[in-house]
Amino acid sequence: MMMTDEWLRVIDESELLSRMIASSEQATAYRLAHKDVYTDPQLLEEIREFTGLKERYEEVQRFGRYHPDYSTVMKQIRVKKRELDLNDKIASLKVAENDLQDLLDEVSLIVGKTVSESVKVPVSNPFFSKDSSCGGGCGSGGACSCSA
């Protein structure tokens, strides 16, 4: 493939777009929220505990209700997940993550529609799915009609 002026311009513009996204409010908020979560030693220990519970959960899931620790593990993982979900730092990280994902979805739709109206752009937010050719979005549990 030969590098033409048009290709160089596309590369330059895509680098500019990625720098704009990386310096956006959403990306900055995500990085700060991520830092808050992963620099808190107590929270890291809770996350490690949850990861250990997830491994036990996966083992229990292989056998289902017939596993001797089924009820105990199911209760422990629900309680621990709820505890983590109610943590302010983790909640802020999830909000920042969703905001950044919405920005990325919106940019993807704009770029996709600029290329062609028939480009299928998977999106994670149902708000954007009406603009996407994917119908319900690729994350809609099989409702997506694209071949991604």
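Predicted model: local features only at pLDDT ≥ 70, side-chain atom pairs only at ≥ 80, totals over all residues.
The residues concerned are Glu6, Arg9, Val10, Glu13, Ser14, Leu17 and Val111. Helix H1, which spans residues 5–22, makes the greatest contribution to this lining, supplying 6 residues.

The largest pocket has a volume of about 280 Å³. Its lining consists of 13 residues, and those nearest the centre of the pocket are Tyr38, Ile47, Ile90, Leu93 and Lys94. Four helices each provide at least two residues of this lining, namely H2 (25–38), H3, H4 and H5 (88–115). By residue class, the lining of the largest pocket contains 7 nonpolar, 1 polar and 5 charged residues.

Two of the helices that line the largest pocket, H3 and H4, also form a packed pair. Two packed helices are described by the angle between their axes and the distance between the axes. For H3 (residues 41–63) and H4 (residues 70–85), the axes approach within 9 Å and cross at roughly 150 degrees. Angles over 145 degrees count as roughly antiparallel, and H3 and H4 are therefore roughly antiparallel to each other. The crossing of H3 past H4 is left-handed.

On the H3 side, the contact involves Leu43, Glu46, Ile47, Glu49, Phe50, Leu53, Lys54, Arg56, Tyr57, Val60 and Gln61. On the H4 side, it is made by Tyr70, Val73, Met74, Gln76, Ile77, Lys80, Lys81, Glu83 and Leu84. Taken over both helices, the residues of this contact divide into 11 nonpolar, 2 polar and 7 charged. Ile47 links the two parts of this description: the residue belongs to the contact of H3 with H4 and is among those nearest the centre of the largest pocket.

Key: Residues numbered from 1 in each chain as written. Heavy atoms only, no water. Axes fitted to C-alpha atoms, helices over the stretch in contact; angles between N-to-C directions. Parallel < 35°, antiparallel > 145°, perpendicular 65-115°, else oblique. Left-handed = near helix turned anticlockwise from the far one by under 90°. Contact = heavy atoms within 4.5 Å. Nonpolar A, V, L, I, M, F, W, Y, C, P; charged D, E, K, R; others polar. 1 Å grid on protein atoms, 1.4 Å probe; cavity = no way out; pocket = protein on both sides within 12 Å on 5 of 7 lines; lining within 4 Å. Points joined across faces, edges and corners; volume = space filled by probe spheres on them.
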